[in-house]
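Colleague: I'm new to reading protein models. Could you walk me through a few features?

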Amino acid sequence: MAEAHQAVGFQFTVTPDGIDLHLSREVLKHIYLSGVTSWRKRAIRFKNGILTGVYPASPSSWLIVVIAIMSTIYARIDPSLGMIDTIKRTLSVSGYMTVQTQTVLSAILFATGLWLSLILMLRYTLKTLLSYHAWIFESHGKISFCTKLWLSLVKMFSGRRPLLYSFQTSLPRLPVPSVDDTITRYLESVRPLLDDEQYNQMEVVANDFKKDQAPKLQKYLILKSWWATNYVSDWWEEYIYLRGRSPIMVNSNFYAMDLLYVTPTHRQAARAGNAVHAMLQYRRKLERGEHAPRMFNTTHFVQHLSDRKHLVVYHKGRFFKVWLYYGGCHLWPSELETQFQMILNDTTEPQPGELKLAALTAGNRVPWARARLKYFSQGANKASLEAIETSAFFLTLDDEVHGYDPDKLGSLDLYAKSLLHGKCYDRWFDKSFTLIAYKNGKLGVNAEHSWADAPIIGHMWEYVLATDCFHLGYTEEGHCKGDINKGLPPPTKLQWDIPLECEEVIEDSYMVAKVIADDVDFHGCLFDEFGKGLIKKSRTSPDAFIQLALQLAQFRDKGEFCLTYEASMTRMFREGRTETVRSCTSESTAFVRAMEDKNTTRLDLFRKAADKHQNMYRLAMTGSGIDRHLFCLYIMSKYLSIDSPFLKQVLSEPWRLSTSQTPQQQLNMVDIKKFPRYVGAGGGFGPVADDGYGVSYIIVGENLITFHISSKFSSPETDSYRFGQNIRQAMLDILDRLEGLYSLHTTFLCSVTLQHCIPNGW
């Protein structure tokens with residue numbers, strides 16, 4: 001054990017002459033280095049805390065203000081309007097404080113107060129500037145004078161390069177939309193989904209709510225927005241993620257895939273070594289305030305822990321604890337590879353109940369909560385569970401082979417299912433994320449949703465893949481680079497004492513999870529006929545184009561329209577998370593119907609639908625969305641015991657088409673034009689409605705869009721493969737049938753033909 005390995009540095013023998021104490025210099029050296037590293041981290045955090053605390057000013061600006069005030073005093077000028085004299089009178093003259101010292105101290109105190117006042121003024125000014133959102137509604141390529149002036153002022157007041165939390169106190173609060181605006185937009189969003197009679201009934205219910213119940217709820221919500229940092233985020237986190245009792249596997253967790261075409265090494269332990277080392281580098285940037293927070297050391301209960309120095313590895317039913325630090329420094333990739341290879345070479349059998357233990361995190365939440373209290377609150381079980389939940393993250397060394405293989409039908413589908421749910425017991429679904437390393441060297445991530453949204457994981461994952469391939473690299477044999485410290489303690493097997501009744505609970509959770517997993521119908525669709533390069537030439541948002549294609553695919557798939565969810569971000573506000581864009585609009589349905597009618601002009605309808613979508617997306621980003629406001633009004637109605645038929649109906653409406661775009665190239669670490677094969681495959685999530693589709697898509701470079709489509713086998717109305725083909729055909733049909741885009745399509749087809757016909761080098 002690692003603890004035993006460290007203990008051998010201290011040995012003593014009791015003799016008749018006393019105690020003979022033996023100290024290991026090597027161990028003392030590592031203890032010393034660990035202490036130095038710990039104090040260095042504290043110093044960095046302290047420095048960053050000061051830099052963030054005084055932002056947008058700097059500590060050196062305090063000295064400038066003090067010198068300026070002292071200069072005016074010696075010039076017999078009083079810029080304080082008598083305040084320095086007032087401070088002097090409160091300071092008594094004594095043997096330790098002369099009149100001159102009293103004057104200097106009074107000036108320093110006044111200068112410090114003036115400096116702090118200037119910081120508050122700068123923060124308020126910056127917050128006011130960041131509340132300006134008109135720029136986002138301007139036409140692409142056109143910048144008004146007001147926006148240019150705004151950009152200059154923001155740059156001026158932002159000062160030096162900000163750290164992670166520098167803008168935290170300067171970000172504006174998420175505004176509470178007016179009830180009138182929210183209800184108007186809501187009625188507008190459901191109009192294409194209801195007939196005249198249904199719409200008139202909904203209009204009556206909505207207007208009754210607006211007149212009778214909404215004013216009281218809105219007043220309390222505005223009061224909360226003044227008191228809380230963000231009037232949505234805490235309730236969203238609590239009621240959407242943490243209070244749920246249904247399984248989070250498939251229903252909440254999501255996944256991210258490896259590079260699509262490239263596998264830098266096929267050695268499982270080596271790939272895991274580089275990936276873990278890159279994650280440790282990323283975490284170090286977090287600790288220094290350079291990246292997004294709350295990613296590591298976290299569980300589903302949103303229990304964020306201090307710096308953890310180990311991870312837990314799962315392989316063939318066994319759990320191992322691996323130390324990530326030695327001598328105050330985290331392990332090198334080659335050392336991590338050695339640790340993981342030891343685990344792969346271990347042939348011991350799982351302990352009773354250990355094989356499917358993680359299924360407890362995949363099934364219903366109530367049995368898992370009860371099992372924690374009854375079977376994991378003491379002894380070896382408690383210690384081992386704490387090791388998992390306090391680990392930096394969870395690593396699965398999977399015994400399967402996955403990844404995209406163009407010669408293997410459905411390889412992307414199986415890869416997605418493996419990442420989303422695996423075998424239902426080989427991922428710890430409560431951890432902030434589980435890193436998965438497959439037998440053939442492919443990687444993936446399964447992420448828990450309560451602590452953050454997909455862009456945060458995407459940011460880290462792009463950093464890991466780019467660092468793995470372009471900075472760390474591998475030897476010619478596929479091993480990690482670097483020397484190996486042979487004195488490292490080996491991985492430690494976690495010990496369990498699981499009684500038979502607990503094994504029954506584990507098996508029950510596994511069966512619940514297996515039913516859910518087996519019902520997931522996944523299809524990965526690589527659309528490479530064209531991409532955002534051609535779409536942007538038509539002066540259209542690629543996201544709007546794709547959303548209209550999804551509406552056309554949905555109509556062809558089911559013969560009707562449905563309530564559509566598209567996730568957008570509200571990160572321009574303090575503690576902002578997500579908002580919903582209702583992509584099914586009157587404009588989009590009119591365009592789709594025109595696409596199915598050969599005698600109707602489509603270009604004008606396409607423009608109107610695309611512009612409408614872009615405007616709705618911008619409204620959602622700037623705090624004027626519909627659904628988070630209605631959600632908070634509903635929660636407030638529950639607190640006040642107010643029964644609202646309108647809010648009940650709104651919150652019970654199913655999202656039969658749930659969509660999300662995966663962000664790409666947030667770090668710009670990889671030049672896709674220079675390395676066209678080093679592209680990510682994106683990620684996805686499970687279906688939201690029993691009879692609906694979940695669609696995640698990633699726009700990769702100029703000529704590739706990857707769709708991740710999920711549904712349920714148990715629904716006779718859905719088929720993920722069929723929907724994928726409908727999306728592909730819808731994308732092609734929209735491009736082909738829009739008269740205004742025909743010349744672009746022709747040019748594109750000609751360029752593709754030439755690329756295939758002309759030999760390389762011509």
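**Reading the model**

Modeller: A polar atom of the lysine 558 side chain lies 2.3 Å from the backbone oxygen of aspartate 691. A polar contact is a pair of N or O atoms within 3.5 Å; within protein, one must be able to donate a hydrogen and the other to accept it, and residues adjacent in sequence count only if both atoms are side-chain atoms. This is a predicted model, where local features need pLDDT of at least 70, side-chain atom pairs count only at pLDDT 80 or more, and totals for chains, interfaces and linings use all residues. Residues are numbered from 1 along each chain as its sequence is written, and side-chain values use heavy atoms, with hydrogens and water left out.

Colleague: Which residues does lysine 558 touch?

Modeller: Contact means heavy atoms within 4.5 Å. Leaving aside residues up to four places away in sequence, lysine 558 touches Arg656, Asp691, Gly692, Tyr693, Glu717 and Thr718.

Colleague: And which helix holds lysine 558?

Modeller: Helices (H or I, at least four residues) and strands (E, at least two) are DSSP runs, numbered from the N terminus. Lysine 558 is in helix H19, residues 542–558. The chain has 25 helices and 18 strands.

Colleague: How much of the chain is buried?

Modeller: Of its 762 residues, 52% are buried.

Terms used
Buried < 20%, exposed > 50% of the residue type's maximum accessible area, 1.4 Å probe, protein only.
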